[in-house]
Amino acid sequence: MSVPHSAAQTFRDDGQIQNPGSTRGFDSRTDGNQFAGINQPTAGPRYEAELPKGSAPLQLYSLATPNGWKIGILLEELGVSYDAHVVNIGVGEQFSSGFVGANPNSKIPALIDHEGPDGSPMAIMESVAMMLYLAEKCQAFYPSNPRERCECLQWLFWQVGGQGPMTGNFGHFKVYAPSHEVDARNYGVARYGMEVQRLCSVLDRHLAGHGDFSGDTKKPGTSSRAYLVGDQYSIADMACFPWAYMLWGKGYNRPDQPDAKDFLGLEKYVHLKAWVAGSPKPWLKKDSSKL
Ligand SMILES: N[C@@H](CCC(=O)N[C@@H](CS)C(=O)NCC(=O)O)C(=O)O
């Protein structure tokens, strides 16, 4: 079967964009990014290796990234016994047969509860699904009244569908995209940087007291909020905190470029800043292997 257009033919001489006839040959356009060596367009295991297992019922397979922190924070807050195993995504350990068995999406974190709902092991993918599973199992950090429970779910979906991917893509273009792809990098940083600012603004306005989930836009805002839902620390705070915290950290800084926090002008989000600074960080005080 012939390949109608190669990657090089995607942009015509007159500057018009011509869609490639096939993705074959196009994958190489991502060469040079820090994860190019492990990114492939297919799912499934790439090599055989069992997952390590400790003695606790809960086994966490993760890494100290914002998606990994979410589960580390919750497990530490719950005070339950668990074993944490580092999965080095930089060398492709998320593609071992054992990890894929626990998480067919090959992304950290993965969790196995060896005392699952029916007493047999239960593997869970997706960090927010893990948070809901643990919060329901332990009856903690998940509001019990239906109204707050629904608000909590909304922030969890917002986090996993918007804040996480948009911030992650901002970081990819700012830090990991190939140095020579200047136009692509600038476009990605601008596109996702704008969206990250909008998402920070959503959190900042909510924490400032705007909106009460009644749907009544004419109601005046309430006073500022300490937590995303009601007046208690919940899994909504634990899920949304790591990606906001990341922006203030060093992870998205690149030498000779403005730091992420300055580029995004984070100082203007005063309520978000106060919430990030005030959020408990129990996992930071612990052994870093606790993820
Ligand atoms: N929606 C997923 C996202 C997980 C995710 O993107 N994990 C990243 C690290 S933060 C990963 O494992 N990347 C490895 C890869 O892309 O191969 C979740 O919330 O669990």
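**Note on the fold**

1. Helix α3 (residues 127–138) packs against helix α6 (residues 235–248) with the axes 11 Å apart and at an angle of about 155°. Angles over 145 degrees count as roughly antiparallel, so α3 is roughly antiparallel to α6. Axes are lines fitted to C-alpha atoms, for helices over the stretch in contact, and angles run from 0 to 180 degrees between N-to-C directions. Helices (H or I, at least four residues) and strands (E, at least two) are DSSP runs, numbered from the N terminus.

2. The model is a predicted one, in which local features need pLDDT of at least 70 and side-chain atom pairs count only at pLDDT 80 or more, whereas totals for chains, interfaces and linings use all residues. Residues are numbered from 1 along each chain as its sequence is written.

3. On α3 the contact is made by Val128, Met131 and Ala135, and on α6 by Ile235, Met238 and Ala239; two residues are in contact if their C-beta atoms, placed from the backbone, lie within 7 Å. By class, this contact has six nonpolar, no polar and no charged residues. Here Ala, Val, Leu, Ile, Met, Phe, Trp, Tyr, Cys and Pro count as nonpolar, Asp, Glu, Lys and Arg as charged, and the others, Gly among them, as polar.

4. The axes of helix α4 (residues 146–176) and helix α5 (residues 182–208) come within 8 Å and cross at roughly 150°, which means that α4 is roughly antiparallel to α5. The crossing of α4 past α5 is left-handed. Residues making the contact include Gly162, Met166 and Phe170 of α4 and Gly188, Tyr192 and Val196 of α5. The contact of α4 with α5 has seven nonpolar, six polar and three charged residues.

5. An open sheet of four strands shows mixed pairing in the order β2-β1-β3-β4; two strands pair if DSSP finds at least two bridges between them. The edge strands, each pairing on one side only, are β2 (82–86) and β4 (122–124). From one strand to the next, the twist averages 15°. Strands β1 (residues 58–62) and β3 (residues 110–113) run antiparallel and are joined by four bridges, and Tyr61 has Ala110 in β3 as its bridge partner. Helix α1 (residues 66–78) packs on the sheet, where it touches β1, β2 and β3, and its direction makes about 150° with that of β1.

6. Which residues are closest to the ligand? They are Thr65, Asn67, Ile89, Lys107 and Ser127, in a surrounding set of 13 residues. A residue is near a molecule if its C-beta atom, placed from the backbone, lies within 6 Å of it. The shell around the ligand divides into five nonpolar, six polar and two charged residues, and α3 and α4 each supply at least two of its residues.

7. Two backbone features deserve a check. Most residues other than glycine have a negative phi, and most peptide bonds are trans. The peptide bond from Ile108 to Pro109 is cis, with omega near 0°, and Pro109 lies in the loop between α2 (97–102) and β3. Glu126, although not a glycine, has a positive phi of about 75°; Glu126 is placed in the loop between β4 and α3.

Conventions. Parallel < 35°, antiparallel > 145°, perpendicular 65-115°, else oblique. Left-handed = near helix turned anticlockwise from the far one by under 90°.
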